Amino acid sequence: MPLTPLDLQSVQFKKSWRGYSCDQVDSFLHKALRDYEMIYKENLELKENLINIQSLLDTYRQMEDTLKNTLVLAQKSAEEIRRLADQEAELLLREAKAQAENIKTCAAAQVEERMRRYEEMVNRAEAFRANMRGFLLAQLELWEQGRQYYQEAAAGLSSGGADCTG
């Protein structure tokens, strides 16, 4: 066990006939006691500081571990979010492609239906034109026959065909 300042202060030596000078020994011990007491107190303070610093160091190490764990968790979360976002983007892309394909199919069907209706209308117009032409030709023929009939009747009247015998 190390000496304490109290041990140095309470030490007593036996006096002998041929020993050291008591005043010099006392003076030296007093000076050594003062220096030793100062170093002893400083040592105690340093030990207390060391304990405090070690406590702080432990706290900082715990904080560091917590931060590391938090960082690892954040990285894992970011990777998971990125993976989910990629999956969602892929799903949206597939849905958009399917929707676009559906729209194209619908549009193609509409174009086909309108082309069919257009051709039907063109055929109807041709049929109407043919019917109208036939009708007009028949009317023209009737008109010609009527004109010819009236010309023949007029010619018969003028050639003396008027018999007024009664």
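A search of the whole structure finds two aromatic pairs. Rings of Phe, Tyr and Trp (its six-membered ring) pair if their centres lie within 6.5 Å; planes under 30 degrees apart count as stacked, over 60 as edge-to-face and the rest as tilted. Select Y149 and Y150, one of these pairs: the ring centres are 5.5 Å apart and the planes stand at 70 degrees, so the pair is edge-to-face. Both Y149 and Y150 are exposed. Here buried means under 20% relative accessible area, exposed over 50%, and partly exposed in between, with a 1.4 Å probe and protein chains only.

Before going on, note that this is a predicted model, in which local features need pLDDT of at least 70 and side-chain atom pairs count only at pLDDT 80 or more, while totals for chains, interfaces and linings use all residues. Residues are numbered from 1 along each chain as its sequence is written, and side-chain values use heavy atoms, with hydrogens and water left out.

**The whole chain**

Zoom out and colour by secondary structure. The protein has two helices and zero strands; helices (H or I, at least four residues) and strands (E, at least two) are DSSP runs, numbered from the N terminus. The radius of gyration is 65 Å, well over the 15 Å that the globule rule gives for 166 residues, so the protein is more spread out than a compact globule. That radius is taken over C-alpha atoms, and the globule rule is 2.2 Å times the number of residues to the power 0.38. Along its principal axes, the C-alpha trace spans about 215 × 25 × 20 Å.

Now show the surface. How much of the protein is buried? Buried residues make up 1% of the 166 residues. Accessible areas come from the Shrake-Rupley method with a 1.4 Å probe; for residues, only the protein chains shown count as cover.

**The loop and two distances**

Select Q12, in the loop between α1 (5–10) and α2. Q12 counts as exposed because its relative accessibility is 74%. Draw a distance from Q12 to A85: these residues are 73 apart in sequence and 85 Å apart in space, C-alpha to C-alpha.

Next select Q87, in helix α2. With 42% relative accessibility, Q87 counts as partly exposed. From Q87 to R147 there are 60 residues in sequence and 88 Å in space, again C-alpha to C-alpha.

Side chains of opposite charge can pair when their charged atoms come close. A salt bridge is a side-chain nitrogen of Lys or Arg within 4 Å of a carboxyl oxygen of Asp or Glu. By this rule the count comes to 10 salt bridges.

- Select K41 and E37. Their closest N and O atoms are 3.7 Å apart in a salt bridge. These two are four residues apart in helix α2, and so are separated by about one helical turn. K41 is partly exposed at 47% relative accessible area, and E37 is partly exposed at 32%.
- Select E80 and R83. Their salt bridge has its closest N and O atoms 2.4 Å apart. Both residues lie in helix α2, three residues apart, about one turn of the helix. E80 is partly exposed at 34% relative accessibility, as is R83 at 38%.
- Select E144 and R147. In this salt bridge the closest N and O atoms are 3.4 Å apart. E144 and R147 are again in helix α2, three residues apart, about one turn of the helix. E144 is partly exposed at 37% relative accessibility, and R147 is partly exposed at 38%.

**A nonpolar patch**

Which residues form a nonpolar patch on the surface? Select V111, M115, Y118 and V122, which together have about 380 Å² of accessible area. Patches are made of residues with over 30% relative accessible area and no salt bridge: like charges are joined within 9 Å, nonpolar side chains (Val, Leu, Ile, Met, Phe, Trp, Tyr) within 5 Å. M115 lies in helix α2 (residues 22–158). M115 counts as partly exposed because its relative accessibility is 43%.

**The cysteines**

A disulfide is a covalent bond between the sulfur atoms of two cysteines. The search of the whole structure finds zero disulfides, where a disulfide is a pair of cysteine sulfur atoms within 2.5 Å. Select C22, partly exposed at 40% relative accessibility. Finish at C106, partly exposed at 45%.
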